[in-house]
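Here are my notes after a look through the model. Have the sequence and the 3D view open while you read.

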Amino acid sequence: MRTTELRCAQNIGAQFRALWLIQGRRRVVDTGAEAILASKGIKAVDPKEIFSPAYHKEREVIDFPPLPGQQAMEPVEPNKQPCFVFNNSFSPVAVVPQVQLLTNSLVQTSLPDSILGNAVDNTAEEDERVKEAILHAHLLDSHQEKLPKVLDVINNPGWRFKREYGIPLKRKNKSLTYQLLLLLDQIFPDGASRHLVEDTLTQVTLSHSDRLMQLKLRAAFILSSPKPLSAIVSPSEVRSLDGQPLPDIYPLSPFVNCRLWKNYSLNDAYGVGSSRVHPHTIFIHHNEPRMRGKEEHFHALSLLHGFAHAASYAKHFGKTSDEDLIAQPVVVQVVHTNGCQYHISAFQLNTLNLTGPTKNIFWTQPWETLFSSCTYHATKPTLEGYNPRVFSLLKGVYANA
């Protein structure tokens, strides 16, 4: 194939910008209309003398009343010391090691016996009801909305797919979690004394060395209990872990990819406002159609949410930022899902001193896939690749007390 010399190549974008610049400098041509009107006694007036100039409109700030059980937030004023704010959009670059340094935590690669011991096999009836819950949440819900735009940058880059109507991912996740919790309530009648709080915001401010950090995270559900969970590790075992080193991510900083704010509120907010204030399980929903990271990214966010809710609970009962909680540690369980994959973990808060020798502990394991496909095949709702291990682990989490 003979190569051809490329000549007169022009960039369309550069041509458009140049044409816009040239045409934008065009002068108004004098058509003689003003002279004709003046000869007939009609005076031409400058528009600036008639129209008032644009004015600055102050932004209206609506002061919403606080939710039941929450304190009113004070107006935010500029603070002297900037603060690193972590919210649900935070994406850790160094995944789990970065969050370990932020939370002063050690990672155990298996779930504790308090969860695995209660994770018994499912009965045939339980599996059928879980399958019905999946089909109802993903296919049989009558609610329809315009779904987000579909982007396929690998196979069809730049292609504009037709917008479709269907069940939004946020509604799918909430509906499935709610139905699974309802089924767990029926299996374990003792769980009726617990409260389920939906769509809660937890905010806690802590000091990390000479820096100020604030965790401002929202959970889909918080299952609260009339009594706190028992400690997983005894105080003597926690003391034996004081010499364990944390991972090193040098030259990266633990605060990489985090926003630095000057206008923030120092008020702490705990997501549970009922009498059963002790946290039992935190349910986190990943409601984005595309994953920003891999499985390790999922695990890192589970650790961050577990620490934030445990620290907020501890400060809610008057614990200070540099206090050790080895005598009465705070234990929370975390269920993190994107609708298909489920990551189940547990966290024990032993200290609020993020640079001290005492370490917090995080138990994790690889995520489990609940199902591989849930679509219509020949107009028939079809569920494929169902994994009963997920609901078995959920029973272990729910039965833990």
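1. Let's start where α6 touches α9: Leu180, Leu181, Leu183, Leu184, Asp185 and Ile187 of α6 are in contact with Phe391, Leu394, Lys395 and Tyr398 of α9 (contact means heavy atoms within 4.5 Å). The nonpolar class is Ala, Val, Leu, Ile, Met, Phe, Trp, Tyr, Cys and Pro; Asp, Glu, Lys and Arg are charged, and the others, Gly among them, are polar.

2. Before going on, keep in mind that this is a predicted model: local features need pLDDT of at least 70 and side-chain atom pairs count only at pLDDT 80 or more, while totals for chains, interfaces and linings use all residues. Numbering runs from 1 along each chain as its sequence is written, and side-chain values use heavy atoms, with hydrogens and water left out.

3. Now the geometry of that pair. Helix α6 covers residues 169–187 and helix α9 covers residues 389–399; they pack at about 60°, and their axes are 11 Å apart. Helices (H or I, at least four residues) and strands (E, at least two) are DSSP runs numbered from the N terminus. Axes are lines fitted to C-alpha atoms, for helices over the stretch in contact, with angles from 0 to 180 degrees between N-to-C directions. The two helices are therefore oblique to each other (under 35 degrees is roughly parallel, over 145 roughly antiparallel, 65 to 115 roughly perpendicular, and the rest oblique).

4. α6 has another helix partner, α5 (residues 124–138), which packs against α6 at about 155° with the axes 8 Å apart. That angle makes α5 and α6 roughly antiparallel. Here too the crossing is right-handed. On the α5 side the contact uses Glu126, Arg129, Val130, Ala133, Ile134, His136, Ala137 and His138; on the α6 side it uses Lys172, Ser175, Leu176, Gln179, Leu180, Leu183, Gln186 and Ile187. The class count for this contact is eight nonpolar, five polar and three charged residues.

5. How far apart are the ends of α6? Its end C-alpha atoms are 27 Å apart, which agrees with the 27 Å its 19 residues should span at 1.5 Å a residue (the expected span is 1.5 Å times one less than the number of residues). The buried residues of α6 are Lys172, Asn173, Lys174, Ser175, Leu176, Thr177, Leu180, Leu181, Leu183 and Leu184. Buried means under 20% relative accessible area, exposed over 50%, and partly exposed in between (1.4 Å probe, protein chains only). These α6 residues pack against α5, α9 and the strands β5 (195–208), β6 (211–225), β8 (278–285) and β10 (341–349).

6. Helix α3 (residues 95–103) is mostly covered, with seven of its nine residues buried. Those seven are Val96, Gln98, Val99, Gln100, Leu101, Leu102 and Thr103. Val96 turns up again among the contacts of histidine 299, along with His343, Phe362, Thr364, Gln365, Pro366 and Trp367, leaving aside neighbours within four places in sequence. Histidine 299 sits in helix α8 (residues 295–316) and counts as buried at 12% relative accessibility.

7. Check valine 233 too, in the loop between β6 and α7. Valine 233 is buried, at 12% relative accessibility. Not counting residues up to four places away in sequence, valine 233 touches Val238, Gln348, Ile361 and Trp363. Its C-alpha atom is 9.5 Å from that of isoleucine 326, 93 residues apart along the chain.

8. Finally, the backbone. Most residues other than glycine have a negative phi, and most peptide bonds are trans. Tyrosine 250 and proline 251 are joined by a cis peptide bond, with omega about 10°; proline 251 is in the loop between α7 (235–240) and β7. Asparagine 257 lies in the loop between α7 and β7, has a positive phi of about 65°, and is partly exposed at 48% relative accessibility. Threonine 379, in the loop between β13 (373–377) and β14 (380–384), has phi near 65° and is exposed at 77%. Asparagine 104, which follows α3, also has a positive phi, near 55°.

Methods. Left-handed = near helix turned anticlockwise from the far one by under 90°.
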